[in-house]
Structures are given as C-alpha cells and as structure tokens.
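Hi everyone, thanks for coming. Let me put the structure up, and then we can walk through a few local details together.

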Amino acid sequence: MADPPGCCSTCATCLLCPYSCQWITAKKEKRKGLRTTKYDCSWFLFLFCVFLFTLVWLYFAIIILNDFHNFNEFIFRQKKLWLDWSLVLLIATAVLISYSSVLLVLALCLQLCGQPLKLHWVHKVLLILTALVVAAAFTGLGIKWAEEWKSAWISLQATGPFLHIGAVGGMTLLAWPLASFIYRTRRTGLRVFVLLVYCAAMIALYLAPLGITSPCIMEENQLPPKPALVGHRGAPMLAPENTLMSLHKAADCDVQVFETDVMVSADGVPFLMHDEELTRTTNVQAVFPERAALNSTAFNWTDLQQLDAGSWFLERRPFPTVQNLSPGDRQEAAEQRIPSLEQALEAAKHSNLSIMFDLRPENHSDYQNFVNVTLGVILQSGIPLQQVLWLPDGFREDVKQQAPGVQHVYGRKRVENEKEPVLHVNLPYQDMSSEEIRQYRQDNISVNLYVVNQPWLFSVLWCSGVSSVTTNACQVLKEMEHPIWLLPSSTYFMIWIVVDCVSLLIIIWAFVLMKKCSRRRWPAGECARNGSFPPLEPGSASGTLPDRQAAFPSQT
C-alpha cells in the first residue's frame, strides 16, 4: 500500500490525531472523505487570526506589567481581596497563546505533508472561546485602563526594531508552506490571490522601518545623563511602603527623592499614608474592627501608633521580591509603625534625601488647615527648604508666602502666559512624548515621570532626556549603567537592509526548491524530506489520498 502522500503514515498519524482526531491506518477505506474544503480553509484562516490576536494580547500583557501593582491595589479597594493578579494574567495568556500556537504549527505541518486540514469541532469551539476571552480582555482594558493604550504606543519605541525583525522572520518561514500550497493547486485565481497578499505583506514589512521611531536610535555621545531616581513611597519592593524602613532602603538605592503621601490625623498630626482607608497597609481590622472602614483622618495619632504597618507586607507579598528578604529585614519589616511627617523629615534630613509628597484627601472640608499644619511641621523640622518638593495644588499661593524656599512641583504641563515660570513638573509617563521631554529639557524645566518600573521603559525615557523617574524598583534601575539598547542610525539602517535581503533570498530559495520538487515525481519519502509535493489535478486542492495516488507510484 502507498503511504499517505508527502509523509509517512506515522507522521500523518502524529499530525492528524491531535488536529483532526483522525487516526490514519494503512486501510484505504479509513482515509476516504478526508478532503480540505473551502470550509476547512476558512477555519485555518480563523486559526491564524486567533493566533495573531492572542499574540498581540501577550505583548500587551507584558507591557502592562509595569503598572500592574496599581491594578492589584484597585481590586483590593473594591473587593478587599489581595492577590498578585499579574500571575493570573500571565498564566492565562500563556495557556491561550500556547494552544493557538500548537494548532497553527500542526496545521502548517499538515500542509507541508499534503494532509487534509480537518479541524475537529472541539478545537473550533475552543478557538471561538479563545477569541472571545481575548476580545473581552481588550474591551476591559479600553474601558477601565485606557491609559495602557498609551503605554503600548510608548513601548513600540523600545521594541519596534526588534518586532520588525521578528515579524520578517516569521513571515519568511511561512514561505515554505505557502510555496507548497501554491505549487500543489492549479486554481490560478486562488494562487494569484494568495501570492499577492503575501507579497503585499512582505513589502509592507520590508518598508516598516521607515515608520519606526525611537529616541534610542542615536549616537553614543548624544545620550543624555541617567535620570535621577525618586522612590515611590520609598522602596516598596524591599520594605513596607511609606515607612521609615522604606525610606532607608530607598536611600541605600541611591534614590535622590523620597516620594510619599501625607494625611493629617484627627488631632492634627501629619502622618504618612496613601490610602484613604487603613485596611490595606495596617492591621486596623484586628485592632479597631468597628472603625476599620473609616477614613484615615478620623483616627487620632494615639490610635494610629497602635497599628502594625509592616506585617501585611510579609503576609500578602505585594511584590515577588518579598520572598528574598533576609531574616533581619523580615524582622525589621514586622516592627514597622505608621511614621509621622516629622519623623520622615528627620530621617530624610539625615539621609540627605529630598522629600516630595501629596497631601490627602484633597476634597476634605478642613483641607486648608491640613496645609497649614503640614507647613508648620516642615518649618519646625529644620530640613533645608530646597529639599522639600511641594505637590499639592490647594492653597499653593499661601505656601509660597509662608515658605518661599520650598520647591513647587506641578502635576500639569506648562501653559502660555503664566505669571510664574514652571520649573518642575510631575506627570504620568504616558502624558509626555519624547519630543515634549526634549523641549522641556531645552527650556531647563525638570520633568519627573511616574511610575516607571521596567528597564525597557526606563531606557526609553533615559534616551528621551527625562530628568527623573518615580519608581517602585529602585534596586533594579540603580544597577542600569546604560539603556538596554542604543543604536546609531547608520547601524540600524544596515541591520534593516541585511534582514530584508536575507529574508528575500530565503523566500526565493523556498519557492525555487518547492517548484523543483513539485515538477519531479519523486517517491513520497524523498519529496517529504524536501518539503513539497507534485501538483494536484484540477479540483483536488485538498490533497486527499484518492486524488494523489496517481501522482505517486505505489509502494508495497
């Protein structure tokens, strides 16, 4: 009996069994009816689209990891449940991309082996579910976390050149099954259409670098100085946020500014706390269960001093780095209490750190008193006023009059015809383009962007010329002595041309080899080793055994 066309029966079994749930045997009658129809081709196209759709989502999932701690905090505030949802996201995404990738590889191998593409109905259902899940994920991202679309756009400045190389490589590999398909079918219209689509896609990829821009495409001598580091609530990956331990860990990371949040207790003591409620970062539910849902400002300082502000860090592990803490650091973290602003100013003064803070909550009815009390503590602390970076917008003019040495940082871009020039701005990294950063730098305006945790993002902002970044990962960014990559434009141009030329040569070689193989009636085994098959008779584009037996001599 003849082997299945294009590959041995064992290979055909290994490919068809998981893809089509069809068990190939040597008996001819069990192979009857296995024909690739237009319906099957439509499902293959759907499979390819789902793979690309899931691949794009994988890219987004990796990009949004920079901001995922914010998402974890948001879920906790809504559901009072703490979980590192980034693990759930990555595991689910890995499952979806692996499933669609395996199916696509099986389909391409079946095409090369001349086997029918009969996708089983279970796979069809799972592919539809995969597409729906990814579509729901994108929809949720657009509704609840729309700023991440800007993050993805910024990420292309770091990944664009490498995505281009990867896309060219992937499309080049598709030349083999594509050439096999073209030379196996005699439907001229279909062959021309598929070939034109492929050529158009390759031309677009070859010319894509014309639209790729990145601030890191520059000469080495044009690289701006490394941005200064601002510790977001200290060093929250190494110690409980907004504690004295976190401040000291930030100082050990060569951070220049300690960024924090200040609230004022019911008896007028400013203290460090980010959330309006104490439930996430203290044990208030155990100490004051009936008052746990109250605003942080409803507690007096004596009550606040009774709370444990460190054990939650060891129990919930908000960052993976917690598990690597030394026994000494664990003990110190467990002993942390809520610090007052006075204590934080004293520690910052001794560590030679500047301190930048928000005063919360901005909508409080007694906010003016909060400003006055906070300003009074600063003036009494003895810290040099130039080390104090004032963020709150409320009653800023009063602050300028009472403490003229304080540096004022604005959470907005500059506007025309301002009474006083803006010298410091503090914005989300999504809100400033590379061109705006360069312009502000030329005008001697200090730009701090937040929150920057991933090296790829830090590299892009470094190349753009940002003055400083607020980060949770000061221990990581501290070690970076150079952007992840930096390419002169001439080098990038050479890489672009070489990649495109090599790709074109491989594609031409694939089509020539497939054409040569298709014209010679080689035995099935040898033809399979070269990756193609003789052309089919008209109407037999499916590659089924009855249609192909005339093209191959029988083997016994």
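Let's start with contacts, meaning heavy atoms within 4.5 Å. Leaving aside residues up to four places away in sequence, Ala228 touches Gln256, Ser467, Ser468 and Val469. Before I go on, a word on the source: this is a predicted model, where local features need pLDDT of at least 70, side-chain atom pairs count only at pLDDT 80 or more, and totals for chains, interfaces and linings use all residues. Residues are numbered from 1 along each chain as its sequence is written, and side-chain values use heavy atoms, with hydrogens and water left out.

Back to Ala228, which is found in strand E1, residues 228-232; strands here are DSSP runs of E, at least two residues, and helices are runs of H or I, at least four, numbered from the N terminus. Is Ala228 buried or exposed? Its relative accessible area is 17%, so Ala228 is buried; buried means under 20%, exposed over 50%, and partly exposed in between, with a 1.4 Å probe and protein chains only. Ala228 and Val255 are 27 residues apart in sequence, and their C-alpha atoms are 7.2 Å apart in space.

Now for some backbone details. Arg360 and Pro361 are joined by a cis peptide bond, with omega about -15°. Pro361 sits in the loop between strand E4 (354-359) and helix H15 (367-381). Another cis peptide bond joins Tyr450 and Val451, with omega about -20°.

Finally, Asn352 is not a glycine, yet has a positive phi of about 60°. Asn352 counts as exposed because its relative accessibility is 59%.
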